[in-house]
Each structure stands twice: as C-alpha cells, then as structure tokens.
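Trainee: I would like to take a close look at one part of this model, and then see how it sits beside other parts described in the same way.

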Amino acid sequence: MSGRGEWLAVSVAFVVIAVSASIWLAIDRRPPEWDHANHLERAVQCARDLRTSDVRAILERSSFYPPLVLCLGGVGMLLGLTDAAAGGAVMLAFLALGMAAVYLLGRRLVDGQVGVAAALLFGSAPFMVFSTLRFQLDLPLAAMVAVALVVLLATDRFTRTPAALAFGVVCGLGMLTKRTFA
C-alpha cells in the first residue's frame with residue numbers, strides 16, 4: 001500500500017466513525033450529564049466571553065479546566081452551531097487529529113501498514129468511540145499526546161530547532177487541553 005493509499009484508508013475509517021457518531025448524536029435525545037454538561041456550559045460561557053473579548057473571564061474560569069477545548073466549542077457556537085453540535089464537531093476534529101498522529105507514529109516507528117492499523121485501533125477503540133459522543137477532555141488529551149510524540153520524534157533529539165520550537169508549542173497547547181498532559 002502506498003502512502004496515499006494509507007492516508008485514504010485512515011481517512012475512510014475516520015469518515016465511517018464520524019458519520020456513525022453524527023447519526024448517533026442526531027438520534028440521541030438524552031440531555032448531557034456530569035462533566036459533559038459542565039464542559040458544554042463552559043463552552044457557552046467561553047462563546048459569550050469571546051463575543052465580548054473578555055479574555056480575563058476566560059482565564060479566571062480556566063483554573064480547573066484549561067480553556068482550549070472548551071473555547072473551541074465556544075467558537076463553534078459563534079459560527080452558528082448548537083452547543084451539542086459544536087461539542088461534537090470539536091470531538092470529531094480531535095479524533096481526526098489523533099488518528100492522523102497515531103498513523104504518523106506507526107509509520108515512522110515501523111511502517112505505513114502498522115500506522116494504518118494503529119490509527120484504526122485508536123479511532124475505533126470503545127473508549128474513543130464513547131468519547132467522540134461526549135464533549136469531554138480525554139479524547140483531545142489523547143490526540144494532543146500523539147501529536148506531541150510525532151513532533152518530539154521530528155526534533156531528532158532536539159537537534160532540529162524548528163521542530164524543537166514546534167514541540168514547545170504543542171506542549172503548551174497540550175497543557176491548555178488538560179492539565180494531565182504533562
């Protein structure tokens with residue numbers, strides 16, 4: 001399988017998961033609960049703060065849950081999505097990012113077929129499928145860890161300055177995703 005064919009396989013798997021999740025979310029009429037509801041509420045608050053450019057409120061509210069994922073949900077709401085749709089879109093975006101990063105890790109460490117298998121396992125793992133349906137921080141955290149590992153390998157033991165700087169940025173974004181990133 002060529003590199004293009006491998007990307008196609010990962011992309012098709014993602015589309016199947018994304019369509020399945022979208023159908024599930026369209027059918028499921030249960031209200032969000034626990035952390036899922038809490039994160040959606042914070043996304044609504046972040047949307048309001050972004051609309052008024054109140055960065056201070058975003059930072060003050062972020063003492064326990066970092067703002068990156070929640071405010072990405074808020075951006076989705078500012079673009080006209082409902083809170084549930086914005087949350088679902090953010091989760092699907094992080095699922096795509098995670099699957100791509102895991103593919104790249106597998107390809108770099110072994111070969112492309114292993115990368116495809118790893119991406120498929122990542123995307124279809126029961127907890128990942130569950131996480132795709134809930135606006136929580138675990139799926140974005142897993143995706144950011146995978147991205148950090150890809151960029152870390154690209155630093156070639158920190159001998160490549162641009163990649164090392166990119167690794168620092170990714171680590172910063174990881175900490176803004178969930179504190180347990182470190």
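Is Tyr65 buried or exposed, and what is its relative accessible area?

Mentor: Please keep in mind throughout that this is a predicted model. Tyr65 is buried, because its relative accessible area is 14%, and the cut-off for that word is under 20%. The ring of Tyr65 forms an aromatic pair with that of Phe64, with 4.8 Å from centre to centre and 85 degrees between the planes, which makes the pair edge-to-face.

A search of the whole structure finds four aromatic pairs, and another one of them involves Trp7 and Tyr103. Their ring centres are 4.5 Å apart and their planes stand at 65 degrees, so this pair too is edge-to-face. Because Trp7 lies in helix H1 (residues 3-27) and Tyr103 in helix H5 (residues 83-109), the pair ties together parts that are 96 residues apart in sequence. Here again the two partners carry separate labels: Trp7 is partly exposed at a relative accessible area of 31%, whereas Tyr103 counts as buried at 0% relative accessibility.

Helix H1 also holds Val19, which is partly exposed, with a relative accessible area of 43%. Val19 belongs to a nonpolar patch on the surface, formed with Val15, Ile23 and Ile27, and together these residues have about 370 Å² of accessible area.

Asp49, placed in helix H2 (residues 34-51), is buried, with a relative accessible area of 3%. Once its neighbours within four places in sequence are left aside, Asp49 is in contact with Asp54, Ala57, Ile58 and Arg61.

Leu139, found in helix H8 (residues 138-154), counts as buried at 1% relative accessibility. Not counting residues up to four places away in sequence, Leu139 touches Met91, Phe94, Leu95, Phe122, Met128, Ser131 and Thr132. As for its distance from Leu8, the C-alpha atoms of Leu139 and Leu8 are separated by 22 Å, and the two residues are 131 residues apart along the chain.

Key
Residues numbered from 1 in each chain as written. Predicted model: local features only at pLDDT ≥ 70, side-chain atom pairs only at ≥ 80, totals over all residues. Heavy atoms only, no water. Phe/Tyr/Trp six-rings, centres within 6.5 Å; stacked < 30°, edge-to-face > 60°. Helix = DSSP H or I, 4+ residues; strand = E, 2+ residues; numbered from the N terminus. Buried < 20%, exposed > 50% of the residue type's maximum accessible area, 1.4 Å probe, protein only. Contact = heavy atoms within 4.5 Å. Patch = residues over 30% accessible without salt bridge, like charges linked within 9 Å, V, L, I, M, F, W, Y side chains within 5 Å. Areas by Shrake-Rupley, 256 points an atom, 1.4 Å probe, with all protein chains shown as cover. Salt bridge = Lys/Arg side-chain N within 4 Å of Asp/Glu carboxyl O.
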